[in-house]
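Subject: Structure handover

Hello,

Here is the structure I said I would pass on. My notes on it follow below.

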Amino acid sequence: MIGDLTQLTLCRVPPAPALQAYNAADELVLQRLQEHDGPAGPVLLVNDGFGALATALASTNPDWWNDSAMAAEALMRNVSANQASAPRLIESSGDLKAHYALAIVHAPKSLSLFEWQLSQIAGRLAEGGQCWVAGMVKHLSRGHQKVMQRYFGQINPGLAVKKARCVTLTNPHIQSSPELAHDPDLAHEYVAGQVSLMSQPGCFSEARPDPGALAFLAEFDQLPSVDRFVDLGCGNGVLALNYLHRHPHSQAILIDESRQATASATASAALNGRQVHIHHNNGLSGLGLTDLPLILCNPPFHQSTTLTTDIAHSLFEQAAGALAESGEFWVVGNRHLNYHKTLTRWFSQVTPVSQHPKFVAFRCTAPRV
Ligand SMILES: C[S@@+](CC[C@H](N)C(=O)[O-])C[C@H]1O[C@@H](n2cnc3c(N)ncnc32)[C@H](O)[C@@H]1O
């Protein structure tokens with residue numbers, strides 16, 4: 001039984017009541033499934049943003065593979081709100097089954113993440129199995145097309161409906177054998193500040209350092225020396241590892257909602273011989289961290305393909321709640337995002353500390369909680 005998206009109670013994480021938790025690509029996938037006549041067997045859902053497809057397709061007991069802790073949180077809320085069963089969560093590519101009858105992939109923005117995911121799926125389709133790549137036409141680039149051609153012999157773009165497309169991929173170049181699945185070496189390594197960094201496909205600022213992070217590093221001499229600190233939204237660990245370079249005895253707690261980021265931070269820490277604590281988590285929620293003397297943050301300004309400051313604002317609020325009374329929250333952002341105004345909602349003192357023309361770092365103290 002396929003659920004009707006319009007009849008389901010679906011939310012986004014972070015909550016955005018004005019925005020839908022599904023789009024025309026999800027509707028097109030469900031419409032195509034009504035007519036689909038493929039082999040029986042397990043279904044895999046990949047990058048299902050807020051779990052809308054998993055909720056609609058709960059009766060097929062799908063596997064669910066998503067990089068994002070926020071997406072997993074939305075999934076759990078949505079299946080529960082609709083009394084649907086939760087799918088089996090794939091935490092690493094090693095959890096994938098060997099023979100999927102159908103893999104439905106929402107095309108991610110990152111081409112390297114897309115390539116890595118397709119490389120894993122191509123070797124794990126049953127005989128006659130299909131992979132569908134769904135997305136809004138404007139988000140399916142020539143780059144996505146080239147990646148699809150690299151892993152599949154036959155590509156049927158189908159008709160666009162409501163500006164969405166569901167591309168059917170068949171004849172994988174790698175036939176049903178996970179052992180033979182091509183795992184392209186897509187990891188990048190570079191130096192930023194005083195440390196070497198490893199980035200897995202899809203990690204933020206995968207191939208080169210973020211200019212905002214570099215502007216922030218230029219101010220690191222001004223950071224207080226503390227016995228423990230949090231890097232909130234750590235990416236590949238560039239901020240935490242540079243702090244540890246100056247303060248090697250501090251205990252580092254790194255948090256990111258992206259699994260590819262936490263995997264990258266783990267690899268970067270090992271590369272620099274550092275011991276760190278890493279959490280795959282939506283911000284600080286549920287981690288029980290309190291009385292923190294220092295939090296560093298280069299916050300996100302988009303969620304998937306949507307530009308938003310909502311996540312940054314919720315991280316500011318969480319940081320204020322977890323900081324010690326005398327603690328410091330250091331945050332960097334693009335000048336035009338005007339974080340100063342929002343930060344003063346949560347901190348009594350917000351002091352700009354950098355002169356970079358594009359980015360500004362703030363030292364925030366005296367949390368208002
Ligand atoms: C602008 S990047 C900064 C990454 C790294 N700290 C740097 O400076 O290059 C923001 C990071 O925050 C992560 N992120 C986004 N939302 C998050 C959330 N709710 N909780 C934790 N991390 C989050 C993203 O995955 C991304 O790695």
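Where is alanine 86 found? Alanine 86 sits in the loop between H3 and E3. Helices (H or I, at least four residues) and strands (E, at least two) are DSSP runs, numbered from the N terminus.

Two points on reading the notes. This is a predicted model: local features need pLDDT of at least 70, side-chain atom pairs count only at pLDDT 80 or more, and totals for chains, interfaces and linings use all residues. Residues are numbered from 1 along each chain as its sequence is written.

Alanine 86 is partly exposed, because 17 other C-beta atoms lie within 10 Å. The cut-offs are these: a residue is buried if 20 or more other C-beta atoms lie within 10 Å of its own, exposed if 12 or fewer, and partly exposed in between, with C-beta atoms placed from the backbone. Leaving out residues up to four places away in sequence, alanine 86 touches Met76 and Val79; contact means that the C-beta atoms of two residues, placed from the backbone, lie within 7 Å. The C-alpha atoms of alanine 86 and tryptophan 64 are separated by 9.2 Å, and these residues are 22 residues apart along the chain.

Glutamine 83 is found in the loop between helix H3 (69-81) and strand E3 (88-90). Glutamine 83 counts as exposed because it has 9 C-beta neighbours inside 10 Å. Its phi is positive, about 45°, although glutamine 83 is not a glycine.

Other backbone points

Asparagine 338 also has a positive phi, of about 50°, and is not a glycine. It is placed in the loop between strand E16 (323-334) and H10. With 12 other C-beta atoms within 10 Å, asparagine 338 is exposed. Valine 13 and proline 14 are joined by a cis peptide bond, with omega about 0°. Proline 14 lies in the segment before helix H1 (24-35). For context, most residues other than glycine have a negative phi, and most peptide bonds are trans.

Domains

The domain assignment of the chain gives domain 1 (5-180) and domain 2 (188-367); such bounds come from an automatic or database domain assignment. The C-alpha centres of domain 1 and domain 2 lie 31 Å apart. Across the boundary, 17 residues of domain 1 are in contact with 15 residues of domain 2. On the domain 1 side, H3 and helix H4 (111-122) are the elements that give two or more residues. H4 provides the largest share of that side, 4 residues. By class, the domain 1 side has 8 nonpolar, 5 polar and 4 charged residues. Here Ala, Val, Leu, Ile, Met, Phe, Trp, Tyr, Cys and Pro count as nonpolar, Asp, Glu, Lys and Arg as charged, and the others, Gly among them, as polar.

Alanine 52 is in helix H2 (residues 52-56). It counts as buried because it has 27 C-beta neighbours inside 10 Å. Not counting residues up to four places away in sequence, alanine 52 touches Leu5, Leu10, Ala21, Tyr22, Asp26 and Asn78.

The ligand

How many residues surround the ligand? There are 21, and the closest are Ala213, Gly233, Gly235, Ser258 and Asn298. A residue is near a molecule if its C-beta atom, placed from the backbone, lies within 6 Å of it. Helix H7 (238-246) and strand E11 (251-256) are the elements that give two or more residues to this shell. The shell divides into 11 nonpolar, 7 polar and 3 charged residues. H7 is mostly covered, with 7 of its 9 residues buried. Val238, Leu239 and Leu241 are among the buried residues of H7.

Helix H9 (residues 310-322) and helix H10 (residues 339-346) pack at an angle of about 35°, with their axes 9 Å apart. The axes are lines fitted to C-alpha atoms over the stretch in contact, and angles run from 0 to 180 degrees between N-to-C directions. His313, Phe316, Glu317 and Ala320 of H9 and Thr342, Leu343 and Trp346 of H10 make the contact. These residues divide into 4 nonpolar, 2 polar and 1 charged.

Threonine 351 is in strand E17 (residues 347-352). Threonine 351 is exposed, with 12 other C-beta atoms within 10 Å. Not counting residues up to four places away in sequence, threonine 351 touches Phe362 and Arg363.

Regards
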